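Student: I would like to learn how to read some features of a model from its coordinates. Can we go through them one at a time?

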Amino acid sequence: MKQIGFIGLGAMGRHVSANLLKAGYPLKVYDISTAAVEELVSKGAVAAGCAKEAAEGSDIVMTMLPNAPHVEAAMTGPDGILAGLQAGGTIIDLTTLAPGEAKRLCKLAADSGVTMLDAPVSGGVAGAEGGTLSLFVGGDEATFNSVMPIFEAIGKTIRLLGGSGAGQTVKMVNQIMVGLEITALAEAWTLGVKAGADPEILCDVLGTGAAACKQMEIIRRSILQGNYEPGFAVNLQYKDLGIAMETSRELQVPMLLTSTAVQYFEMARAMGYGGKDHSSVAKVLENITGVNISAAKKQK
């Protein structure tokens, strides 16, 4: 099986790496957190001291990092991926980036004789742990086909969507919809509960009609339970909506609703919920209105 180097063992990366090990892939891992590396070593991975070491001897290097500057830092310099990965190798970047950044980094890799796929994911920590992520892939079709078994070890829905940057474009659209849906639900449920509706009945009834959406599942397991452990963190949703706003400025597309959602997540961050689930936008309205959706039934 192909040797894989994996860089970025955060909340999702550590589960993705574990699933690659379960599928039998030899894996070298690197992260700035020694504890994260040790956890994967205990499961059968080999520790690398830097990104270059993770790339040396590997056929493929996968990155799952916070943002474009982190990916570029991992790729470049004397201790970077491109210093260790041989020409003809492949980089698979699972990070969510702006489409333009993905194209730029792909060009950077190509200049060193390395093929790069942008493959941002959707599904959160639960999808990463269960190996059921959706992967939105952009890049070369032959490379995509050659690494499909790797994708199948970590995801369930896998699509090649076009050339470099195409995966990031689709992920950006996905994150706009997710951010708007969870913000709209926070507003709607707060108003409904203050007007006297039962929040669970709202889920039961509206979940079968035209207003039904995926984020209603988030309401059931987080907002209604008063449990805001991620999930998908506010900070990450804020970053992803920022990518959409950055791209909208480049392409001159008005994004009035998205810009409002950004401010909701900014307020949630200011309240200390940056590391909590993105459904914490409901806490912003709870603070303003005094309405507690999770406790509403108990208060009757």
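Student: Is I201 buried, partly exposed or exposed, and what is its relative accessibility?

Tutor: The model is predicted. I201 has 49% relative accessibility, so I201 counts as partly exposed. I201 sits in helix α11, which covers residues 199-206.

Student: Which residues of helix α12 are buried?

Tutor: Buried means under 20% relative accessible area. In α12, residues 216-223, the buried ones are M216, I218, I219, S222 and I223. Seen down the axis of α12, these fall within an arc of 145 degrees, so they line one face of the helix.

Student: What covers the buried residues of α12?

Tutor: The cover includes α10 (166-194), α11 and α15 (281-289).

Student: How should I read a salt bridge within a helix?

Tutor: Start with the geometry. An α-helix has 3.6 residues a turn, so residues three or four places apart point the same way. In helix α6 (residues 99-110), E101 and R104 are three residues apart, about one turn of the helix. Their side chains meet in a salt bridge, at 2.9 Å from N to O. E101 is partly exposed because its relative accessibility is 23%, and R104 is partly exposed at 35%.

Student: Which salt bridge does E266 form?

Tutor: E266 pairs with R269, and the closest N and O atoms are 3.4 Å apart. Both residues lie in helix α14 (residues 256-270), three residues apart, about one turn of the helix. E266 is partly exposed at 29% relative accessibility, and R269 is partly exposed at 32%.

Student: How far apart are N and O in the salt bridge of K214 and E217?

Tutor: The N to O distance is 3.7 Å. The cut-off for a salt bridge is 4 Å, so this pair is counted. K214 is exposed, with a relative accessible area of 57%, whereas E217 is partly exposed at 42%.

Student: How many salt bridges are there by this rule?

Tutor: The count comes to 11. Salt bridges can also share residues: R14, E39 and K43 are linked in a network of them.

Student: Is A51 buried or exposed?

Tutor: A51, in helix α3 (residues 51-55), is buried, with a relative accessible area of 5%. To read its surroundings, leave aside neighbours within four places in sequence; A51 is then in contact with I7, Y30, A74, D79, G80 and I81. The C-alpha atoms of A51 and L27 are separated by 13 Å, the two residues being 24 residues apart along the chain.

Student: With which residues is S248 in contact, on the same terms?

Tutor: With V253 and M255, again leaving aside neighbours within four places in sequence. S248 lies in helix α13 (residues 234-251) and is buried, at a relative accessible area of 9%.

Technical notes: Residues numbered from 1 in each chain as written. Predicted model: local features only at pLDDT ≥ 70, side-chain atom pairs only at ≥ 80, totals over all residues. Heavy atoms only, no water. Helix = DSSP H or I, 4+ residues; strand = E, 2+ residues; numbered from the N terminus. Buried < 20%, exposed > 50% of the residue type's maximum accessible area, 1.4 Å probe, protein only. Arc of directions from axis to C-beta. Contact = heavy atoms within 4.5 Å.
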